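Hello,

Here is the structure I promised to pass on to you. Please have a look at it first, and then read on for my notes.

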Amino acid sequence: MTAPVRTNDPAVVDVALAGRSYSIVIGRGQLTSLGQRMAALRPRAKAAIISDETVVRHHLAATESALAGAGIGSTCITVPAGEKSKSFTVLEQVCEALLAARLERGDLVVALGGGVVGDLAGFAAAIVRRGLDYVQVPTTLLAQVDSSVGGKTAIDSRHGKNLIGAFHQPVLVLSDTALLDTLSRREFRAGYAEIVKYGLIADADFFAWLESNWRELFAGGPAREHAIAVSCGMKAAIVARDERELGERALLNLGHTFGHALEAATRVSAVTGGAPDPDRLMDLIAQDKKIKHGRLTFILARGIGASFIASNVDAAEVRAFVAEKLASK
């Protein structure tokens, strides 16, 4: 393993795609460089910052200051915090606000927030004026190592999660690790689980390094920047080889099939006020993007550092399994 990056020296991971590329800048205090970096990419551009109510309280002032310092005028579009903002209603509001701000094709959208904001802002950027460029400024660990990288943008449908969207790559990702200091321990742990995933699917040495250094990662030392940089490097390499998830990129879904099933169960429980009916649960799960020809795709780790895609699980078998487990409660 390479030595951890110094906290005052950003790490830069390049995402190289066919005909285009962008950089992921990782380091403590890097938000102050946002305006300078954006001005270098798009001289004389103005910006629209899309964020949620929670992030605005913590980080909007510093973001606006960074942009103003580079001569970039900006407006802020604020949405409610949480998954409910990934909806047609909120998407329409954001698109109309971008047009009202008179953003042109040479201007930039800034997604300031976690995965929900990144998905929503990226999708809005993809469709307003047939495509605006955008910058990801992820404020959660999960977003810094996963959703901000790779260009997946989407909103949810009543049929399932992330079913309406587009592949739309950012022109820059700026991950200021100091922004993670405001996260709850639970939120930080959610991102750490995603970091562990990279060790499981691609790098046994990295997994072993995490076993020895996870405390420093949580404490905010140089190990934090190192772990984020390694994770982003792995994802960038996979995305470069399979941008639209036609094969290898599906490895990044390790754990997501079960995670989305739990989300679906939670939704149904909230509606019914009790245990979810297996048929209603499966109707939701069956809309997941990992369903192909009626079969669920699971990513299984066969020992640390090696994985394979198992797509031989029939949805009907899962339905029966769910029904059995619910009946046994």
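Helices (H or I, at least four residues) and strands (E, at least two) are DSSP runs, numbered from the N terminus. Please keep in mind that this is a predicted model, in which local features need pLDDT of at least 70 and side-chain atom pairs count only at pLDDT 80 or more, while totals for chains, interfaces and linings use all residues. Residues are numbered from 1 along each chain as its sequence is written, and side-chain values use heavy atoms, with hydrogens and water left out.

First, the overall picture. The chain's secondary structure amounts to 11 helices and 12 strands. Of its 329 residues, 49% are buried (buried means under 20% relative accessible area, exposed over 50%, and partly exposed in between, with a 1.4 Å probe and protein chains only). Taking contacts (heavy atoms within 4.5 Å) with a separation of 6 or more, 72% are between residues 24 or more positions apart.

Now the cysteines. How many disulfides does the structure hold? The count is 0, where a disulfide is a pair of cysteine sulfur atoms within 2.5 Å. As a reminder, a disulfide is a covalent bond between the sulfur atoms of two cysteines. Is Cys-76 buried or partly exposed? Cys-76 has 25% relative accessibility, so it counts as partly exposed. Cys-95, in contrast, counts as buried because its relative accessibility is 13%. You will find Cys-95 in helix H3, which covers residues 88-100. Setting aside neighbours within four places in sequence, Cys-95 contacts Ala-124, Ile-127 and Val-128. Its C-alpha is 9.9 Å from that of Ile-77, a residue 18 positions away in sequence.

Helix H8 is worth a look too. H8 runs over residues 222-241, which makes 20 residues, and spans 29 Å from its first C-alpha to its last. That is close to the 28 Å expected at 1.5 Å a residue (the expected span is 1.5 Å times one less than the number of residues). Because 15 of its 20 residues are buried, H8 is largely enclosed by the rest of the structure.

Val-149 sits in the loop between H5 and strand S7 (152-157), and its relative accessible area is 1%, so it is buried. The C-alpha atoms of Val-149 and Cys-232 are separated by 7.3 Å, although the two residues are 83 apart along the chain. Not counting residues up to four places away in sequence, Val-149 touches Val-15, Tyr-22, Ile-24, Gln-144, Cys-232, Lys-235 and Arg-249. Ala-111 belongs to strand S5 (residues 108-113) and is buried, with a relative accessible area of 0%. Its partners beyond four places in sequence include Ile-50, Val-117, Ala-121 and Val-135.

Two residues have backbone angles to check. Most residues other than glycine have a negative phi, and most peptide bonds are trans. Arg-130, which is not a glycine, has a positive phi of about 60 degrees. Arg-130 is in the loop between helix H4 (115-127) and strand S6 (133-138), and is exposed, with a relative accessible area of 77%. Asn-162 likewise is not a glycine and has a positive phi of about 60 degrees. Asn-162 lies in strand S8 (residues 160-167) and is buried at 17% relative accessible area.

Last, the cavities. The structure holds 2 of them at 30 Å³ or more. On a 1 Å grid over the protein atoms alone, a cavity is a set of points where a 1.4 Å probe fits but cannot get out, and lining residues have an atom within 4 Å of a point. Grid points are joined across faces, edges and corners, and a volume is the space filled by probe spheres set on the points. The second largest cavity has a volume of about 30 Å³. Which element gives the largest share of its lining? It is H4, with 3 residues. Among the lining residues are Asp-119, Gln-136, Pro-138 and Ala-143.

Best wishes

Technical notes:
1 Å grid on protein atoms, 1.4 Å probe; cavity = no way out; pocket = protein on both sides within 12 Å on 5 of 7 lines; lining within 4 Å.
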